[in-house]
Amino acid sequence: MSAVPTVKLLINGEFVESKTTHWRDIVNPATQEVLAKVPFATQDEINAAVAAAQEAFKTWRKSPISTRARIFLKYQHLIRENMQELAAILTAEQGKTLPDAEGDVFRGLEVVEYAANIGTLQMGELATNVAGGVDTYTILQPLGVCAGITPFNFPAMIPLWMFPMAIATGNTFILKPSEQDPMVTMRLVELALEAGIPKGVLNVIHGGADAVNAICDHPDIKAISFVGSTRVGTHVYNRATQNGKRAQCMMGAKNHAVVLPDANKEQALNALVGAGFGAAGQRCMAASVGVLVGDAQKWIPELVEKSKTLKTNAGAEPGTDLGPVISCAAKERVEGFIAKGVNEGAKLELDGRAPPLADKYAKGNFVGPTIFSGVKPGMEIYDQEIFGPVLSLVGVDTLDQAIELINANPMGNGVAIFTQSGAAARKFQEDIDVGQVGINLPIPVPVPLFSFTGSRGSKLGDLGPYGKQVILFYTQTKTVTSRWFDDAVSTGVNTTISLK
């Protein structure tokens, strides 16, 4: 091994060096500098992590709710204290700007705060005297060992969607972060242990497809939460459920933003540019398609001019609006889609290929804001999730046509409408077949009081991450029906099903 640091596994409360022979470089996408090496855990190491979680569950499941809540109260404080360090690590390995990296951490922190409120969330129901002297009540009990598989684009937020809620509800957890940028995740894990999470309750393995399959197949893992591509998410859902596990899979997207001609032009265009190009388009909730209705199609030149003002540079550089995409392969993929869009007949209004950069970033994975107009269904740039800073513009004549266009798309993660008409907004929210709707808001990711509710081809599984839904996902409802008799009372033998 070289002098480059190695990322450790977390097994039974100890950070351990993997015995694997398979390692991957973690690369700064702005410079190609190798930051560290991450191991692809062996099957024995994965089994050891699950065994530790299984053993820890025996006692953790019986820990007082107040004990769990206090751990997460301390954890949210530690995250706040270390916010700048976490953002710097995230930017170095993932590429997004420092302000956006802080936002990544903060949106995860909100879920940690929600987990600290677990006492009011994990309550059952009670009905007294449902029959003569009979009471019925429910209790929400933890499942056991749960697992999370997280993507590269939000290496702080999405792990914090998963393990805090699972652990706060009394489960133990196996986390497999993205092998492309696990360093900020591991720092968050260190802080979680510092906050008081006991050994074995949280474990971390690293790896690729083999680790994913091992999680899907292991008989002691009861539930899996996944965020990532549609291809991998579909595989995880099918394999996990065939093995008798619960699974929730948040997957790919093709999010549309509808702009009506009565919208506040300045606000709508600013929102479209920000949501289309923020994080270099590497968000599952990015607004990658602008649907311009009627006279709003005349706003394209102004949209292009706004987009030209964005600065593409390394995420740590002041004033940067777009950092690099995650890898050389991602850059090639995005540039390939741009070439396809030109060949398919869409009009390239703004070409983000080869943006001007300082010499020290010449090898970085940079693509600037790119805009196509005249895009239609059937073009690959419309049909496929590009996951880069490419905004496709579609023109329609009416709101009804916009709704029909969006509902015909197989994905259903998020959608937005920009209008000053309450009637139009209400019609849109009623008729659109998408799980998360923004009204004059381009990225409608809900706060943790509500759950993430993607739909159709963007989601497999009934229950979403965080919010009330995830309490049900991470717990088993047990129904208890009881009757207590006075010793002096005898009801005799009853051979019917009646409780009377």
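A nonpolar core is defined here as a set of buried Ala, Val, Leu, Ile, Met, Phe, Trp, Tyr and Cys residues joined through side-chain atoms within 4.5 Å, where buried means under 20% relative accessible area (1.4 Å probe, protein chains only). The structure is a predicted model, in which local features need pLDDT of at least 70 and side-chain atom pairs count only at pLDDT 80 or more, whereas totals for chains, interfaces and linings use all residues. Residues are numbered from 1 along each chain as its sequence is written, and side-chain values use heavy atoms, with hydrogens and water left out.

The largest nonpolar core comprises 69 residues, among which Y75 and F173 touch the most other members. Helix α6 (residues 157-168) gives the most to this core, with 10 residues; helices (H or I, at least four residues) and strands (E, at least two) are DSSP runs numbered from the N terminus. A second, separate core of 30 residues includes I381, V394, L399 and V415. Contacts of F173 (heavy atoms within 4.5 Å), with residues up to four places away in sequence not counted, include M162, F163, V201 and Y474.

An open, antiparallel sheet is formed by 3 strands in the order β5-β6-β22, pairing being assigned if DSSP finds at least two bridges between two strands. Because β5 (126-131) and β22 (475-483) each have a single partner strand, they stand at the edges, and one side of each is left without a neighbour in the sheet. Strand β5 is joined to β6 (residues 134-142) by 3 bridges, and A127 has T136 as its bridge partner in β6.

R283, located in the loop between α10 (265-277) and β13 (287-293), counts as buried at 15% relative accessibility.

Notes. Buried < 20%, exposed > 50% of the residue type's maximum accessible area, 1.4 Å probe, protein only.
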